[in-house]
Amino acid sequence: MPTSASSTHRPEDLLSRLNSADADADAKLKALREVKNQIIGNRTKKLSYIKLGAVPAVVSLLATTPDDRSSVLVQSAAALGSFACGIEAGIQAVLRAGAFPNLLRLLSNPDGKVVDAGARSLRMIYQSKLAPKYDLLQEKNMEFLVSLLNSENENVTGLGASIILHSCETSAEQKALCDAGVLKKLICLLQGSLSQRDASLESIATVIKRSPEVVSKLVGPENGRALSAITELTKDRYPRTRLLACMCLIVVRNTSPGCLQDPEIRTKLIMILLELLDDPGQVGDEASFALSSLIAEKEDLQKLAFEANAIDKLCNHLRKGSLQAKRCQGILLAVADLCSKLESCRSRFLALQVMNFVIGALTHDSAEVRAAACICLKSVSRSVKNLSAGNFMNETIVIPLVQLLSDTSTSVQAHFETDRRWLKAGVWMSGSYWAEELRASHAVPESKISCNSIQKAFYVAALGAISNIVVDFTTRKSIFLQCGGVKQLVQLSKSMDPTIRLNSVWGLRNLMFLADNRFKEGIFSELTASLLSSLICDPEPSVQEQALGLVRNLVDGCINCVEYAFVEESIILQAVGKQLQSTLKAEVGIQGMYVLSNVATGNEFHKEAVMHQLFSHGGNDTQPVIINFLQSDDSRLRTAAVWTVLNLTFSGSIGAPDRFVKLRSAGIFSQIKNMVNDPCLDVKLRVRTVLGQTLEFW
């Protein structure tokens, strides 16, 4: 009975022919071509064939085929490239089966079609982070890379560019590439085909990122008009090329701020990126990330973007709704950067009434979008005017933010896969913490960036938004306590990660600001004195500062508030005194002295406890630490120290004369008298108040 045509195309039958020792070469070629045709663009088919063991069969055929059997070599390479395209399981299977060295062998084949097929397949592999890295400091690897870039085949030169993108991670490698003439060759390729131009622009960005030395060579006379050529490509007819040219110029600007000072060029970059936002494809998705990189932490560029109606254009895209996750993420990050410094941007954003879109993004399926929404809220909520009006402390914002603090979704790790080209080029650098976390990671090779660091960045993005919003000058802070927000912050303050501890304590500090007594009691019952004292003595000075700021806000107010410093045998006050004696950081001293100053507004017992902290930590011959603070170069620390003395010697206090005598004997008043003409007006006023109220004690 004859076999039907459909049965011969079954995956099992095709693989049987590929693996059969009896099948002739033509039969194997036909089976190979059929496998390739079935899996192209079909994820389900790819996974099915991978499970059946098709990849090792194709690699085996490639490895055993003579160099003169071009058709089989081309089809084998094409099939492996298709398996490697688009899915990590495919890349893993291709590399595990040993395809890489066999594909490299094809690059030296005398048949140009074979070379092209091998290069195409290898480029597919290099789209994945799993691709092998080349040690570019080894001479043989550098020679191989240069040979690729010198090829007449654009897929081979593209492969060279892909290897640079994937492997160049250190300044030593950047310098080695430059010394080997790679930068000069990449500049020459800007005059090549569309594919070569785009690949060269990406590679140039990678070679120069964060290396002023290499940037100087790019813009120097030895490379002719390279910068002008890149600038000219921002006018190219192809959107992708325009975007990559902008990206390259942004890296130049971020690496060497002295370059591209011409306001016309900077305005042009902003206008091009805003136009590219309208592109319906990948270019439109990525344009907002490039815009973020351009304006991040640069107030002058943010003003230019505002004048170019960037806020309006970004908000118009938000209004369209049904945005793809990456596009939504990028737009939110761009808005965050625009609103990070300028109140005019925040006011315009709020006036456009698109906050509902940001709030909706807090519950988006994508972890990246949720984080971007937090970052956007963090920037927008820096508006004191709107915070004082209570515009952010409501259930629709607070509840989803608190829920994000307990977000254990694997999407935080699995879905965060930023386009590696942008990350490696140093382009995605928004002023938000999420990007700051990745920016910090740039100090180490990209391969070291872990899922844990990304998860941390996610938490800190949410904490950053919360820290701003909970400042709220109104009496609606109870919303945060009722929805479990305090519990979450306290839990995160126990984290082993110092950045998460810092930001959670920062949130608690802001939550405590101007809180009423009942609310303070609710926070303190969750926080506990023992945890607070341990945070004051945290190994990280930045955590110490925020913990002391928290206590400063806690004990600010009536006598009952001051009493919090004395619970559990005064362990909080003792921790404050201990840190003041040992700290080398002015910010820690400032917050610690304000804690003592606030406690010193209490009754006689409270004031004497402060005196005890000032004098009990050193020997008889040890100068009180407050004298060092009064002599500090930091006017804020001098102010805090004088405030403490002022409250200790308040003339209406019974024990003030005795405390004055002790302070004078320790040399503190001699120092204060020397400060009557302090250059800081605030210090000068407080010093004169102290001297005036103690005049009767002399």
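**Salt bridges and burial in a predicted helical chain**

Glu 286 is buried, at a relative accessible area of 0%. Buried here means under 20% relative accessible area, exposed means over 50%, and partly exposed lies in between (1.4 Å probe, protein chains only). The model is predicted: local features need pLDDT of at least 70, side-chain atom pairs count only at pLDDT 80 or more, and totals for chains, interfaces and linings use all residues. Residues are numbered from 1 along each chain as its sequence is written, and side-chain values use heavy atoms, with hydrogens and water left out.

The protein chain contains 45 helices and 0 strands. Both are DSSP runs numbered from the N terminus (helices: H or I, at least four residues; strands: E, at least two). Of the 698 residues in the protein chain, 57% are buried. Contacts were defined as heavy atoms within 4.5 Å. Among contacts between residues at least 6 apart in sequence, 71% join residues at least 24 apart. The chain exposes about 28800 Å², of which carbon and sulfur atoms supply 51%. Accessible areas come from the Shrake-Rupley method with a 1.4 Å probe; for residues, only the protein chains shown count as cover.

Side chains of opposite charge can pair when their charged atoms come close.

Glu 286 pairs with Arg 240 in one of them, at 2.4 Å from N to O. Glu 286 belongs to helix H18 (residues 282-295) and Arg 240 to helix H16 (residues 239-255), so the bridge ties together parts 46 residues apart in sequence. Arg 240 is also buried, at 18% relative accessibility.

A further salt bridge joins Asp 538 and Arg 501 (2.8 Å, N to O). Asp 538 sits in the loop between helix H35 (529-536) and helix H36 (541-554), and Arg 501 in helix H33 (residues 498-512), so this pair links parts 37 residues apart in sequence. Asp 538 is buried at 6%. Arg 501 is buried at 11%.

Salt bridges with shared partners connect Arg 10, Glu 12 and Asp 13 into one network. Within it, the side chains of Asp 13 and Arg 10 meet at 3.2 Å, N to O. Asp 13 is partly exposed, at 27% relative accessibility. Arg 10 is partly exposed too, at 41%.

Ser 366 occupies the loop between helix H23 (355-361) and helix H24 (367-380). Ser 366 is buried, at 9% relative accessibility. Its C-alpha lies 9.0 Å from that of Gln 329, 37 residues away in sequence.

Notes:
Salt bridge = Lys/Arg side-chain N within 4 Å of Asp/Glu carboxyl O.
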